[in-house]
Amino acid sequence: MYKFKLKALDKEVLINGDKSILEVFNEEDMAIYAPCGGKGTCGKCKVKVSGKVNSLTDEERKLLTSQEIGNGIRLACKTYAEGEIAVQLVEDKLVNDAKGKLRSEMYYGADPLIYRRTEKLTAPTLESGETVIDTVREAIGDLELDLNIIREISHKIDYTEEGSFVVYDNKVIDMAFGKRNNRLYGIAVDIGTTTVVCYLMDMLQGKQIGVSSMQNPQVGYGADVISRILYTIEDPGGLKILRSRIIKGIDLLIREVCEKTAVHKQDIYMGVFVGNTTMAHLFWGFNCSSLSRLPFNAVTQDMIVESSRNIGIQNMNQNGRIVFLPGIAGFVGADTVGAMIAAELINCSENSLLVDLGTNGEIVLSTPKGRYACSTAAGPAFEGARIKYGMQAFPGAIDHAAVADDIEISTIENQPAKGICGSGLIDIVSVLLEAGVISEDGKIAEPEGQRNKKLAERIVKSGKTKEFLIVNGSHENNLSRITLTQKDIRELQLAKGAIRAGIDILLNVSGLTVDNVDRLLLAGAFGNFINKESALRIGLFPELHPDKIIPLGNAAGEGAKKALCSRIILRETAQHYARTTKHIEISSHPDFEKAFMEGMYFR
Ligand code: FES
């Protein structure tokens with residue numbers, strides 16, 4: 001057994017050498033960002049290690065620079081202890097740290113399916129011959145009382161004090177006498193493949209009072225849904241591990257938001273959750289194997305209601321209820337229904353495209369005659385995975401670019417550039433297309449013949465291909481070297497090709513053309529940061545006027561909040577979207593291949 005020091009947390013654990021550093025972190029419930037799930041192909045799980053470890057592997061020689069190797073950087077998934085070691089996180093961030101920049105100022109309705117009712121009970125008399133429960137029913141009417149509540153009432157009944165009953169959908173789920181407590185809180189949780197967000201809502205006022213977020217603690221098992229599905233199939237304990245990670249993560253988020261707002265967890269009685277089909281399966285512990293093969297059918301897409309006690313969420317009232325919104329079909333799940341709620345597509349006279357550019361790309365086409373939805377395997381390129389210097393939208397990520405005399409970049413929080421996030425990637429490719437450095441088919445041009453000499457000097461050879469030098473890092477200037485490689489451009493083309501294929505096929509199926517599209521609603525926090533002109537320039541979206549592109553922020557989370565605060569939205573609107581939206585499985589659609597190939601061109 002070796003001592004393993006986690007410098008970031010000031011923590012020590014004992015391990016034996018048969019587990020990689022990534023596995024040790026996962027077991028300690030601290031996920032390192034590991035998009036390839038530990039296969040040694042993404043190069044993102046970098047940590048700084050000191051002490052005795054195995055020698056560098058071939059994968060590490062390929063993915064780490066000599067500067068990084070000299071600084072003791074290793075890939076967590078390929079490094080094993082051979083003695084006492086100390087590990088430091090390169091990003092100073094575990095993925096369960098919060099990531100901000102989410103909208104929070106709206107007010108919502110206040111007609112939730114859950115409410116409090118205060119009544120003074122009349123004590124039974126000799127003449128009335130009433131039971132305890134008769135006296136309760138006299139006050140609260142025909143509400144359902146199950147055995148647990150009857151048992152609780154039998155212990156707590158007090159005819160001298162007012163009773164406060166918490167009612168969920170005609171059923172009493174909690175009660176107390178005396179100490180007047182009028183508080184009633186709920187949580188809306190968006191379980192994204194990459195990010196999980198928890199909103200704390202005052203349900204009496206329909207108002208958001210706090211938010212906490214973290215990266216999905218399952219990212220240590222792969223960035224995309226397919227890696228996680230495969231993990232549950234290939235590892236007998238995989239499903240249990242992934243389920244427990246998300247439940248614990250949500251509990252952590254609730255604790256965090258309660259601490260920030262001084263709300264007591266016992267006053268949180270309801271949660272509305274959204275997530276894609278895979279996230280829902282992992283949350284409920286459903287077998288995911290049917291999601292790995294055609295026809296990609298889910299175990300269920302129904303709305304599910306369960307008590308927090310039975311789910312194992314501890315940081316809320318144990319009699320509270322969690323509702324997972326219904327999904328549509330295939331990989332189009334409750335998060336899309338949430339986004340449709342936020343976009344208010346019912347009774348809308350316009351033709352709207354709703355595009356969620358998350359780790360998966362979900363697309364809805366809503367017309368006055370009907371709604372169609374599909375999911376595309378866009379992959380996590382917009383979140384930095386599979387991009388050589390890609391990273392998520394953390395401080396130091398290049399988020400925008402322009403070309404004047406030379407390439408100019410900006411970074412999040414103006415910190416020294418460490419990598420490229422999604423909006424930066426789109427901007428860089430867009431300006432290089434405009435400058436003629438990248439061609440329509442995605443190839444980096446030869447430096448000779450370039451009209452801008454400074455850009456030409458940045459086109460450098462890398463093995464058999466070329467790359468574009470964005471930041472020329474060195475020991476002297478203490479900057480990281482950051483390039484855009486030919487393979488990065490290819491990854492962006494694949495992601496964009498999938499999104500465009502989805503949009504084109506939905507338009508085709510509905511008999512519309514792009515000229516009939518009145519607005520394109522961009523869901524996902526990423527949409528707030530994207531430069532619309534750049535997105536149009538690379539052809540991520542069809543040719544529309546930029547004013548028709550409207551970012552919605554985290555629409556799935558907004559939809560969950562609305563459903564939490566309104567019984568009509570929860571019971572009727574969500575079900576309406578889930579039942580009436582026609583799912584189109586685009587991967588087997590006859591037009592898919594052609595649309596995908598076309599969509600890969602930058603035009
Ligand atoms: S290289 Fe280690 S997780 Fe991808």
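In which loop is Pro295 found? In this predicted model, Pro295 belongs to the loop between α8 (277–284) and β13 (304–307), and the peptide bond that joins Leu294 and Pro295 is cis, with omega at about 5°. Most peptide bonds are trans, and most residues other than glycine have a negative phi.

Asn170 lies in the loop between β7 (162–168) and β8 (171–177), where it is exposed because 10 other C-beta atoms lie within 10 Å, and 12 or fewer count as exposed. Arg386 is placed in the loop between β17 (370–376) and β18 (397–403), and it counts as buried because it has 24 C-beta neighbours inside 10 Å, with 20 or more required.

Helix α10 (residues 334–343) packs against helix α15 (residues 555–565) at an angle of about 75°, their axes being 6 Å apart, and the two helices are therefore roughly perpendicular to each other. Among the residues that make this contact are Val337, Met340 and Ile341 of α10, together with Glu558, Ala560 and Lys562 of α15; the residues of the contact divide into 10 nonpolar, three polar and three charged.

Arg117, located in strand β6 (residues 114–120), is partly exposed, with 15 other C-beta atoms within 10 Å. Leaving aside neighbours within four places in sequence, Arg117 is in contact with Ile140, Phe165 and Val167, whereas the C-alpha atoms of Arg117 and Phe283, which are 166 residues apart along the chain, are separated by 32 Å.

Key:
Residues numbered from 1 in each chain as written. Predicted model: local features only at pLDDT ≥ 70, side-chain atom pairs only at ≥ 80, totals over all residues. Helix = DSSP H or I, 4+ residues; strand = E, 2+ residues; numbered from the N terminus. Contact = placed C-beta atoms within 7 Å. Axes fitted to C-alpha atoms, helices over the stretch in contact; angles between N-to-C directions. Parallel < 35°, antiparallel > 145°, perpendicular 65-115°, else oblique. Nonpolar A, V, L, I, M, F, W, Y, C, P; charged D, E, K, R; others polar.
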